[in-house]
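Trainee: I am new to this structure, and I would like to learn how to read it piece by piece. Could you walk me through it?

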Amino acid sequence: MASYDPDPKMKFSFGLWTVGNPGRDPFGLPTREVISPTEICNLLGEVGAWGVNLHDTDLVPIDSTQQERDRIVKDFKKSAKENGLAIPMCSANLFSEPIFKDGAYTSNNARVRAYAVQKTIRAMDLGAELGCKYYICWGGREGIESDATKDPVEAIKRFRECINFICHYNKEQGYNYKVCFEAKPNEPRGHMYFAVTGSYLAVIPTLDFPEMCGVNPEVAHEHMAGLNFVHHVAQAIEAGKLFHIDLNDQEFGRYDQDFRFGSANLKHAFFLVKLLQDHGYNGPRQFDAHAYRQADYEDVEAFASGCMRTYMILKEKVDRWNGDKEIQQLVKLVNQSDPLEKLTKKFSAANAQKLKQAPLDRHKIASERLPYERLDQLTMEVIMGVR
Ligand code: GCO
Ligand code: MN
Ligand code: MN
């Protein structure tokens, strides 16, 4: 019997805001006591997580004095260490304070943009002190309710200017952060800029330090928009830009649910794990999710263990799929190669001429078998555990 215990090589991490989420929602008050960063580290140590992540103000309350800050940072380092936790990722909260009511880097107000960059570089200082290697840019309120309020082209330019500034700061300080952009289509704004992972993949090559920047896609975010998350992650992998990933789950088209990984769309979760494993993804796997509002902290532990356990179980299913003779025969059958491929691999005028003459019979080719029903059924049987 395989062990589904969390494997440290999978780099399973949780943000302070995830297991520490007290169950507040837009309609209701918290249902759990707020717990301290030390208690969160103890909880994560208990369930065998690899890392703990933070926003600046998850750890250090915004109006703390320098003395308070230093004490909090020292205690946090100690709690993480005692629980064997890495602190891989940090971010700045650019969405909770009223000053960010109309965005941060894309705000119409230059003073808001300056404050956002100031808060960011301070958060980078904090993360560097804790040993963080990943800096996440989630544009929490970069967006609009009405396009009357902002010029969307100007918003992109403002965003680029701020990101270039923070990347220069990263370099000048020698922090070596990998800067990771996280897309989301809506919530908390009516419409967010850079709505999908591909939007960031398009903007990265236009930045001053494209090599420093990648993406942090999140399952729920593409699912909210009804899109295939696996394909967005695949594009990031193919571009060498998958630096970090946020795993959770979400019913398609619903509000931002942040469910336990794999709990809503098991088939998509399977193909996501398959993609990450088959392509040797080696960055952190962060569970950016939270427990149901009904959960007490014992149940929050069950939630956190559940996220990791589901990943480990699906990883085993992927091995099973990859090692299944009949499945592999079908995969071979449907992937046909032909010497003609040489012609279309690389353009030359001669190849174009040869291709024009090639005897390609569309009726004959169309009649070749594609037994995808069988292949998918076998896949489902692997997932359902009877194969
Ligand atoms: C969300 C986002 C956030 C970010 C986090 C780190 O939908 O609220 O996923 O949880 O990932 O703020 O930047
Ligand atoms: Mn999210
Ligand atoms: Mn996220």
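Trainee: How far is the side chain of D288 from an oxygen atom of ligand 1?

Mentor: Think of a polar contact as a pair of N or O atoms within 3.5 Å; within protein, one must be able to donate a hydrogen and the other to accept it, and residues adjacent in sequence count only if both atoms are side-chain atoms. Here an N or O atom in the side chain of D288 is 2.7 Å from an oxygen atom of ligand 1. A polar side-chain atom of D246 lies 3.2 Å from an oxygen atom of ligand 1, and for D256 the distance is 3.5 Å.

Trainee: What should I know about the model and its numbering before going on?

Mentor: This is a predicted model, where local features need pLDDT of at least 70 and side-chain atom pairs count only at pLDDT 80 or more, while totals for chains, interfaces and linings use all residues. Residues are numbered from 1 along each chain as its sequence is written, chains are lettered from A and ligands numbered from 1 in the order in which they are written, and side-chain values use heavy atoms, with hydrogens and water left out.

Trainee: Which residues come nearest to ligand 1?

Mentor: A residue is near a molecule or strand if one of its heavy atoms lies within 4 Å of it. There are 13 residues around ligand 1, and H55, E182, K184, E218 and D288 come nearest.

Trainee: Which residues coordinate the manganese ion (ligand 3)?

Mentor: Donors are N, O and S atoms within 2.8 Å of the metal (3.2 Å for Na, K and Ca); water is not among the atoms, so sites may look incomplete. For the manganese ion (ligand 3), E182 (OE), E218 (OE), D246 (OD) and D288 (OD) coordinate at 2.0 to 2.2 Å. Along the sequence, these donor residues follow the spacing E-x35-E-x27-D-x41-D.

Trainee: Why is the arrangement around the manganese ion (ligand 3) called octahedral?

Mentor: Ideal angles at a metal are 90 or 180 degrees for six octahedral donors. Six donors count as octahedral if opposite donors are over 155 degrees apart and all others between 65 and 115. The six donor atoms around the manganese ion (ligand 3) subtend angles of 79 to 179°, so the arrangement is octahedral.

Trainee: Which residue bridges the manganese ion (ligand 3) and the manganese ion (ligand 2)?

Mentor: E218 does, and the two ions lie 3.8 Å apart. E218 lies in the loop between β8 (213-215) and α8 (219-224), and D288 in the loop between β10 (285-287) and α11 (297-323), so the pair ties together parts that are 70 residues apart in sequence. Those labels follow a rule: helices (H or I, at least four residues) and strands (E, at least two) are DSSP runs, numbered from the N terminus. The manganese ion (ligand 2) has E218 (OE) and H221 (NE2) as its protein donors, at 2.1 to 2.2 Å.

Trainee: Are E218 and D288 buried or exposed?

Mentor: Buried means under 20% relative accessible area, exposed over 50%, partly exposed in between (1.4 Å probe, protein chains only). E218 is buried, with a relative accessible area of 1%, and D288 is buried at 10%. H221 is buried as well.

Trainee: How many residues of strand β4 are buried?

Mentor: In a regular strand the side chains alternate between the two faces of the sheet. In β4 (residues 134-138), five of its five residues are buried. Y134, I136 and W138 are on one side, and Y135 and C137 on the other.

Trainee: Which strands are joined to β4?

Mentor: Two strands pair if DSSP finds at least two bridges between them. Strand β3 (residues 89-91) runs parallel to β4, with three bridges joining them, and S91 has I136 as its bridge partner. Five bridges join β4 to strand β6 (residues 178-182), also running parallel, and there Y134 stands opposite K178.

Trainee: What about the peptide bond from E187 to P188?

Mentor: That bond is cis, with omega near 10°. P188 lies in the loop between β6 and β7 (191-192).

Trainee: And where is phi positive in a residue other than glycine?

Mentor: N176 is one case, with phi near 60°, in the loop between α6 (152-173) and β6. N176 is exposed, at 63% relative accessibility. D258 has phi near 55° and is buried, with a relative accessible area of 12%.

Definitions and conventions:
Tetrahedral: all angles 85-135°; square planar, octahedral: opposite > 155°, others 65-115°.
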